[in-house]
Amino acid sequence: MIETIQLSKRFKEKTVVEGVDLYLDKGESVGLLGPNGAGKSTTISIISSLLKPTTGDVKLDGESVIKNPGDIRKVLGVVPQEIALYQELTAYENLKFFGRIYRVPKSQLESRIQTTLELVGLKDRQKDLIKTFSGGMKRRINIASALLHHPKILILDEPTVGIDPQSRNYILEMIRKLNEQEGTTVLYTSHYMEEVEQLCDRVYIMDHGKVIASGSQSELLSILSNEDTMKVQLNQMSNELVKAILEIDVVRHVEETGDSIKIIAKKSSNIISNLVKLADQQNIKIMNFQMENPSLEDVFLHLTGRTLRD
Amino acid sequence: MLTFLIKDLLLFWRDRKEVVTVIILPLVIVVVLSISMSGIFEENQSENYDLSLSVVVEDDQSEAIEEFKASVSQSEQIANAMKQNVIAGVEKAPPVESLMQFLNSPELEDWITVNTMSESEAAESVEKGDHHAMLVIPEGYTSQLLSNIYLDQGTEPALKFSAEETAVEVDMVHDVIQGFLDQMNLQYAVSTSGGEVDMNQVQLPEGGTETLADDQSFSLNIDQYFTLSMGVLFVLFMASTVASRTGVEKREHTFNRITLTNTPALHFLFGKTCATFILAWLQILLIFIGSHLILGTFSDRSFTFWIGMVFVSSVFCFAVAGMSSIMTSISLRLKNPEAADGIFMSIIMLFGTIGGSFIPIYVLPDWLQQIGEFTPNGLTLAVLIEWFQFEDLSTLWMPSIALIGFTLILIFVSIILHPKKGEIS
Ligand SMILES: Nc1ncnc2c1ncn2[C@@H]1O[C@H](COP(=O)(O)OP(=O)(O)OP(=O)(O)O)[C@@H](O)[C@H]1O
Ligand SMILES: [Mg+2]
């Protein structure tokens, strides 16, 4: 349905998106995962025809969007990362304004506004000014404004930043419903891997403007198939020990988390005995040892040596 | 398109701070300024208006009237039936006596003190500065005046009016006397049916001062001037007030959302332009009407006068809407809307200054006054003042056409500048 071909964007000297190829099939739910500044929003702006790429192209059903942005705008609903609403208007007035200029038929507009408000759970607050809303409520109206015209493709740019877990689950559930029940194609951007894990069929992982990995979750996790992730709880933390562990040749990454350390290492038989030996040398006791199932977070860690929220 | 207009009006209305600064504040400023300034002005008036006038009567009125009676009886120019009437009229109100009575009348006594004396005394006192001005009624004045009016003989006699210094109050006395003479002539003329009276014949002698005030006009006082100039100025601000919302819409990304709806780009521009027109129109009329209700600024003015005011205001609001339109287009083009707002504000301040909205135009040098009339606000202010004074319809057309032309050009340019539909930045 949508396809980007070698998208690049340069602002002055700085390249923020570089050679991005991605595609969205009809009815798919695709995640775009990456840390702050990875270039996710820039990529999305280009796809939704708000920004011109420096090079490359975006195609909708084979037609270039750059030359004729009208086509994609018709089928697209965009939830921007920012709250793009009139703060001085009420929720209802915002929806009515955007609904009208989205050319929702007059006869349907009112009922669509009400169903959408119900969907985001703010029907009883519709008469209130946006500026009186909490962050989470604004987010929800921000999403609602992109749904009124029943878009075939929904692009959401970190729609859950800065909101409480309850609202977040609510929003995720809502998007899942749209995807599964209405067949809406979803491109979901986030730097929370749990959200993407929960919602998306396929994931692109971006860093420094490039797609560094892509595929279904299991495909991505299989990158880690010859690695083990383990969590070791110690009776005391020691920098010496962490250093020593890193010296072990099969160890790729060590991360301190409270009183325990997380170790990613190549599958090998001698890692555990090595660990025990090292701890012994420093008089540190291993309280608990646990092998973990890898997550997308670990995949990112594996690929970049950093965590998503670094 | 209406959707955008409603949105813009609603946004304006919701911003109470803006409503107050844009709609209420100008009215308050006009009222406060007028009241405080007219206080100062009035003090000056009572001080300056104490004018002493030395009057020299060289004319022998009673002798002249006797002669006149004789001439009338023999005259063939006046119908016999009217002769009695004419003589009775002149006897009832002999010219010089009437003038003296007028100068000593209660209305004038507050600010004119009349002293009768000989010519040499008068000349000396004026020179010394004891008296502000002198009026000489020359020998044979009555006789010449009457025969000129009724018998069509000789020339119009002249009064000699002179003053050491040219001052506003001297001019005013001069005007007052002239006005009286005009009236007197008219009254005499009425007494002879068919007697043709040319009012312009009544002239004051040279050597006095030039006549400053125009005949048959309303002069502009301080609160009237403030109402007109502040009204025009505040409406001018409306152009940037509305256009600057464009920057907010870009910053808050609502403009992006609008772009994504694929709405024809000009709808946005149309909303801004129309909203400016409507708001500007409400604002200027509110200032005029409010000022009238509070200060009585335009009391005793005709319905036609108000129609003219509304007409000129509307044309001006149209021009302001045009300015807002081009500002909107430019701020959409510019990367940095805040910088655009700054530039627009400066332009408006510049227009306001050279258009005479901050300081009365007449204190500016001539060349600047002329440039001032090339700003929409300067031109409007000039037209409003002229309309206020003369209510002459013919003064409205050219400026209105100029303003409308100016606006159409602005709107045309802003349409060209406006990012087209589908254009990606
Ligand atoms: N208009 C611009 N001019 C210059 N640099 C820009 C511009 N827009 C974005 N950038 C830069 O491009 C990089 C990528 O920004 P982008 O917003 O796409 O990241 P992101 O992945 O969405 O990050 P986040 O998770 O914080 O939203 C950043 O370093 C940012 O500073
Ligand atoms: Mg972003």
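Q: At what angle do H13(B) and helix H14 of chain B pack, and how far apart are their axes?

A: Two packed helices are described by the angle between their axes and by the distance between those axes. In this predicted model, H13(B) and helix H14 (residues 337-354) of chain B pack at an angle of about 155°, and their axes are 10 Å apart. Because angles over 145 degrees count as roughly antiparallel, H13(B) is roughly antiparallel to H14(B). The crossing in which H13(B) passes H14(B) is right-handed.

Q: How closely do the axes of helix H10 and helix H13 of chain B come, and at what angle do they cross?

A: The description again rests on an angle and a distance between axes. For helix H10 (residues 222-251) and helix H13 (residues 303-333), both of chain B, the axes come within 9 Å and cross at roughly 25°. Angles under 35 degrees count as roughly parallel, and H10(B) and H13(B) are therefore roughly parallel to each other.

Q: Is the crossing of H10(B) and H13(B) left-handed or right-handed?

A: The crossing of H10(B) and H13(B) is right-handed.

Q: Turning to the ligand, how many residues surround ligand 1, and which are the closest?

A: A shell can be read first by its members and then by their classes. Here 14 residues surround ligand 1, the closest being Lys40(A), Ser41(A), Thr42(A), Gln81(A) and Glu158(A). By class, this shell around ligand 1 comprises 4 nonpolar, 7 polar and 3 charged residues.

Q: Which polar atoms of Lys14(A), Ala38(A) and Lys40(A) lie by an oxygen atom of ligand 1, and at what distances?

A: In Lys14(A) a polar side-chain atom lies 2.9 Å from an oxygen atom of ligand 1, whereas in Ala38(A) a polar backbone atom is 3.2 Å from an oxygen atom of the ligand. For Lys40(A), an N or O atom in the side chain is 2.8 Å from an oxygen atom of ligand 1. Ligand 1 taken alone exposes 640 Å², of which the protein buries 63%.

Q: Which elements give two or more residues to the shell around ligand 1?

A: Those elements are strand S2 (14-24) and helix H1 (40-47) of chain A, and H1(A) provides the largest share of the shell, 3 residues.

Technical notes: Residues numbered from 1 in each chain as written. Chains lettered and ligands numbered in written order. Predicted model: local features only at pLDDT ≥ 70, side-chain atom pairs only at ≥ 80, totals over all residues. Heavy atoms only, no water. Near = heavy atom within 4 Å. Polar contact = N/O pair within 3.5 Å; in protein donor to acceptor, adjacent residues only side chain to side chain. Areas by Shrake-Rupley, 256 points an atom, 1.4 Å probe, with all protein chains shown as cover. Helix = DSSP H or I, 4+ residues; strand = E, 2+ residues; numbered from the N terminus. Nonpolar A, V, L, I, M, F, W, Y, C, P; charged D, E, K, R; others polar. Axes fitted to C-alpha atoms, helices over the stretch in contact; angles between N-to-C directions. Parallel < 35°, antiparallel > 145°, perpendicular 65-115°, else oblique. Left-handed = near helix turned anticlockwise from the far one by under 90°.
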